[in-house]
Amino acid sequence: MQKIDSLEEYLDMYSGQYTEEALNFIVNNFDYNTSVDIIAQIRSKLDLFRPEKDPFQGFINYLRSKGLLKGKILEIGSGYYPILAERMADEQGIEVTGIDPKLVETEIPKLKLIKGSFPEDVRIKDFDVVVAMMPCEITIPVINAAIEERKPFSIMLCQCAPSIELKYAAPYSIDFWVDKVILEAYKNLEPNANISIDRLPHIYGRSNEIITKTYSK
Ligand SMILES: C[S@@+](CC[C@H](N)C(=O)[O-])C[C@H]1O[C@@H](n2cnc3c(N)ncnc32)[C@H](O)[C@@H]1O
């Protein structure tokens, strides 16, 4: 029932913006635990967002402001189409890898793509920066792995993870979960490290918390 409700909510949000074929793909692949906003990914790919409203570009602008568009970047949980990774790879002098078991497209020039899962199919220690946009239930494992390897990271939180955890540990609210994730991010904080909690401007339509850890030299 919860699955049908959230599928209906998603389809209502974009009513009239998909073809019959796209509708079939969404309905057949809809997984409410880790639902990907595939329409937003494709709209961004086709430049159908006004540039100042594209949430992926908004996140990239944010990462740039934090000095995180550098070296080898790993994006975990790229979704069906790795638009964030592809747009990041447009930046000069960086190398981007995207990983997700749901990747449909696996060969895009300028990008390395892994159709697989963290942590089994990738090693954080091989990268300079870890990025994830709404990675659902792997949010805390990704943060813990980045802390262990002393890598800077930036994770935009989603609202799915608390509902997944709800099944196991009530009472959980989104606020409670966000606080829990922030506490995790502060674990073993080094003297030269800094945590910031930010949000994209409302215009991007993704105003969830972003937890970012950076290091000063
Ligand atoms: C809410 S979607 C976000 C997709 C994309 N980042 C976006 O913002 O449009 C969460 C994604 O995390 C992926 N994911 C879940 N567990 C994963 C794992 N262990 N390794 C890699 N990706 C994972 C899911 O397949 C899903 O595509």
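In which sense do E5 and E7 pair, parallel or antiparallel, and over how many bridges? E5 and E7 pair in the antiparallel sense, over four bridges. Two strands are taken to pair if DSSP finds at least two bridges between them.

## Model and overall content

This is a predicted model, in which local features need pLDDT of at least 70 and side-chain atom pairs count only at pLDDT 80 or more, while totals for chains, interfaces and linings use all residues. Residues are numbered from 1 along each chain as its sequence is written.

The protein chain has eight helices and seven strands. Helices (H or I, at least four residues) and strands (E, at least two) are DSSP runs, numbered from the N terminus. Of the 217 residues in the protein chain, 30% are buried. A residue is buried if 20 or more other C-beta atoms lie within 10 Å of its own, exposed if 12 or fewer, and partly exposed in between, with C-beta atoms placed from the backbone. Among contacts in the protein chain with a separation of 6 or more, 53% are between residues 24 or more positions apart. Two residues are in contact if their C-beta atoms, placed from the backbone, lie within 7 Å.

## The sheet

Seven strands form an open sheet with mixed pairing, in the order E3-E2-E1-E4-E5-E7-E6. Strand E3 (111-114) and strand E6 (193-198) stand at the edges with a single partner strand each, so one side of each has no neighbour in the sheet. On average, neighbouring strands of this sheet are turned by 15° against each other, direction ignored. Strands of a sheet pair through backbone hydrogen bonds, either parallel or antiparallel.

Strand E4 (residues 129-133) and strand E5 (residues 153-156) run parallel and are joined by four bridges. Ala-132 has Ile-155 in E5 as its bridge partner, and Met-133 stands opposite Met-156 in E5. E6 and E7 run antiparallel and are joined by six bridges; here Ala-193 has Tyr-215 in E7 as its bridge partner.

In a regular strand the side chains alternate between the two faces of the sheet. In E5, Phe-153 and Ile-155 point one way and Ser-154 and Met-156 the other way, and all are buried.

## Helices H6 and H8

Two packed helices are described by the angle between their axes and the distance between the axes. For helix H6 (residues 139-148) and helix H8 (residues 174-185), the axes come within 9 Å and cross at roughly 10°. Axes are lines fitted to C-alpha atoms, for helices over the stretch in contact, and angles run from 0 to 180 degrees between N-to-C directions. H6 and H8 are therefore roughly parallel to each other, a term for angles under 35 degrees. Their crossing is right-handed, meaning that the near helix is turned clockwise from the far one by less than a right angle.

The contact brings Thr-139, Ile-140, Ile-143 and Asn-144 in H6 to Val-181, Glu-184 and Ala-185 in H8. The residues of this contact divide into four nonpolar, two polar and one charged. Ala, Val, Leu, Ile, Met, Phe, Trp, Tyr, Cys and Pro count as nonpolar, Asp, Glu, Lys and Arg as charged, and the others, Gly among them, as polar.

## Gln-57 in helix H4

Gln-57 lies in helix H4 (residues 55-65). What is the exposure of Gln-57, given its C-beta atoms within 10 Å? Gln-57 is partly exposed, with 17 other C-beta atoms within 10 Å. Leaving aside its neighbours within four places in sequence, Gln-57 is in contact with Pro-51 and Arg-87. Ile-83 is 26 residues from Gln-57 along the chain, and their C-alpha atoms are separated by 9.5 Å.

## Backbone exceptions in loops

Most residues other than glycine have a negative phi, and most peptide bonds are trans. Phe-118 and Pro-119 are joined by a cis peptide bond, with omega about 0°. Pro-119 lies in the loop between E3 and E4.

Met-134, in the loop between E4 and H6, has a positive phi of about 55° although it is not a glycine. Met-134 counts as buried because it has 22 C-beta neighbours inside 10 Å. Asn-188, in the loop between H8 and E6, is not a glycine but has a positive phi of about 50°. Asn-188 has 9 C-beta neighbours inside 10 Å and therefore counts as exposed.

Note on methods:
Angles under 35 degrees count as roughly parallel, over 145 as roughly antiparallel, 65 to 115 as roughly perpendicular and the rest as oblique.
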